[in-house]
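Subject: Structure handover

Hi,

Here is the structure I promised to send over. Have a look at it first, and then read on for what turned up.

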Amino acid sequence: MAVASLRERLLGADRVRPARLRLGWVAGGAAVLLAAVALGVFIGPVGISPAQALRRLAGLLPFVDDTSTLSAQHEAILLQLRLPRVILAAMVGGTLAISGAAYQGAFRNPLADPYLLGAAAGAGLGATIVIAYTNAGFGSDLMPVAAFAGALAAVALAYAVGRAGGTGRTVTSLVLAGIAITSFLTAIQTYVQQRRSQTIREVYGWILGRLTTAGWDDVLLALPYMAVGIAVILMHRRLLDVLSVGDEEASSVGVPATRVRLIVVVAASLATAAAVAVSGLIGFVGLIVPHVVRLLAGSSYRVILPLSLAFGGTFLILCDLLGRTLISPAELPIGVVTAFFGAPFFALVLRTSRRTL
Amino acid sequence: MSTIEARDVSVTLGGRRILSDASLSVAAGEWVGIIGPNGAGKTTLLRAIAGLVPHAGIVELDGRNAGTLRPRDRARCVAIVAQRPLLPDAMTVSEYVLLGRSPYVSYLGSESRRDVEAVRAALARLGIADFADRPLGTLSGGEQQRAVLARALAQAAPTLLLDEGTSALDVGAQQQVLEIVSDLRAEVELTVLSAMHDLTLAGQFTDRVALLSAGRVAAAGAPPDVITEDLVRAHYGADVRVSHGPDGLVVSPVRTRRRAGIGA
């Protein structure tokens, strides 16, 4: 018996096992993410030699001496402009993608994205109110706070309405409640926007998403919420697989489906709200990246969640890079770039993949 | 071994009373069939016993009040095979059968070697070890049914609730499932309660049957005492002939109206 099972494992014939992330995918995910970070840091309107930049970055590590010879100006560009922007792009992209995957699992709906329960509309309303009614305006410290509060309030409202819709049909009623709340908040936001038409351009700029003004402040503001949200989502990876057979089956094997959904949705919404607060509304990442991962690597959330994190971050760094270099010195809004390059890429994967969604 | 004791179980869903004070008991190791016309509440009674639907009245599993059990403890007592389980196309058979081990895995934990061994045994027992890494969507209906049974078997619960309440499966597949359950009962000690559509199969496989009609238990007892021409006419509104042959009880529909010259 022991010999047989050992032989099975050596020959790779051991086909009974929990779904797991293969080492190759872990290495691949980490490699593309690191490569994207490197590209994002090295490429820009001001030429900084990659060798020098690497030496300077290595100098940030403990016990490594900084041997670079960068000028103070180049050093500031590297450390205060490019690095925080790339890091923030990775954080936002990873967060949106893993939150989208979590929503898709929690609602068993392939069309779910991180904005499903109204997080986008709530954040949009909060940001619009700050832009329209305060002197602080675009880029102020108040904006992310208002966007964050708006996003969380919208999700809480959608959950309260959806739960009141009755037990048994919780999934559908939650999705419908999210759509209703989104319409309602968007209506108010449009009204505010029309009343204060002088700020419409700024609101529009925010809605298309931005990483332009990113600095270490934004990174530090968003990090704790994203870290907590992502950690909680990752801890529920096995339970999201259980949910995929339906609430009733999940309950019959002793898994409290409703509670798992609540925890996962709250965690994903918290992380999404933080992403929206620092970057505006960046579409497409949360919907498409998890599906690309499904098509390439498998259907278990033990695979989808960590890879969405890595590929979402990679994807957004590359989109941001294109957005700021294609028509340099001007910049394309990142939301435009994600859709323009993401849609054809997704179509390609969809056509060539042999897996089912 | 396990017993099921349901006392005055009532279920109201969406303002409609589905079950009214239904009482039923299943002894350890017994196979009891629930029969009754569509909409009589067969599936709902199974769901109430599995704790999947809010109900009034008391359900006892092995002498313990099921309402006070934690969901995972209840899942260690009863496994349920639903009529049409949701099977994600891309999930592999072994991943699916592993879900049956959920009651033994802690909330945020992952499956142990023991869980994997239990799955291996369940797959081998149902003859689908070769399909372990195949996606569910590529299996035939009968193979999928075996995967679902393997999941229930991996759950290692002493009581199995089997929902065959409507004719989702063709007669061959139905027979196959029942034969598998019958064989399992000979190997592991298993108490079975099954909702059944086909009266002939109910008569041939079960030790006792309970006839459910309009949410109440109208009759219960040995199959020949319950599956009678009179009771079937009264509760199904059907004209049948019940014959008792060497293979057990056979229920055949009869066209009485044609004989009377009305239908023709």
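**A helix in chain A**

Helix α9 of chain A, residues 216-235, has 20 residues and reaches 28 Å from its first C-alpha to its last, close to the 28 Å expected at 1.5 Å a residue. Please keep in mind that this is a predicted model. In α9(A) there is a kink of about 40° at A:Leu223, shortly before the proline A:Pro224. Which residues of α9(A) are buried? They are A:Asp218, A:Ala222, A:Tyr225, A:Met226, A:Gly229, A:Ile230 and A:Ile233. The cover over these buried residues includes three other helices of chain A: α4 (72-107), α12 (257-279) and α14 (301-325).

**Sheets in chain B**

Moving to chain B, you will find an open sheet of six strands with mixed pairing, in the order β6-β7-β8-β3-β9-β10. At its edges stand β6 (78-81) and β10 (216-221) of chain B; each has a single partner strand, so one side of each is left without a neighbour in the sheet. On average, neighbouring strands of this sheet are turned by 20° against each other, direction ignored.

Within this sheet, β3 (residues 31-35) and β8 (residues 191-196) of chain B pair in the parallel sense over four bridges. One pair to look up is B:Ile34, whose bridge partner in β8(B) is B:Ala195. Helix α6 of chain B (residues 171-187) packs on the sheet and touches β3, β7 (159-164) and β8 of chain B. The direction of α6(B) makes about 170° with that of β7(B).

Strand β1 of chain B (residues 4-13) is worth a look too. β1(B) runs antiparallel to β2 of chain B (residues 16-26), joined by seven bridges, and also antiparallel to β4 of chain B (residues 56-61), joined by five bridges. You can follow both pairings from B:Glu5: this residue stands opposite B:Ser25 in β2(B), and its bridge partner in β4(B) is B:Glu60. The hairpin of β1(B) and β2(B) has two residues between the strands, and B:Gly14 takes a positive phi near 55° there.

**Where the chains meet**

How many residues does each chain bring to the contact? Chain B gives 32 residues and chain A gives 23 residues. On the side of chain B that touches chain A, helices α2 (71-77), α3 (93-98) and α4 (113-125) of chain B each supply at least two residues. That side of chain B divides into 19 nonpolar, six polar and seven charged residues.

Key:
Residues numbered from 1 in each chain as written. Chains lettered and ligands numbered in written order. Predicted model: local features only at pLDDT ≥ 70, side-chain atom pairs only at ≥ 80, totals over all residues. Contact = placed C-beta atoms within 7 Å. Nonpolar A, V, L, I, M, F, W, Y, C, P; charged D, E, K, R; others polar. Expected span 1.5 Å × (residues − 1). Bend = angle between axes of the 7 residues up to and from the residue. Buried ≥ 20, exposed ≤ 12 C-beta atoms within 10 Å, placed from the backbone. Pairing = 2+ DSSP bridges. Axes fitted to C-alpha atoms, helices over the stretch in contact; angles between N-to-C directions.
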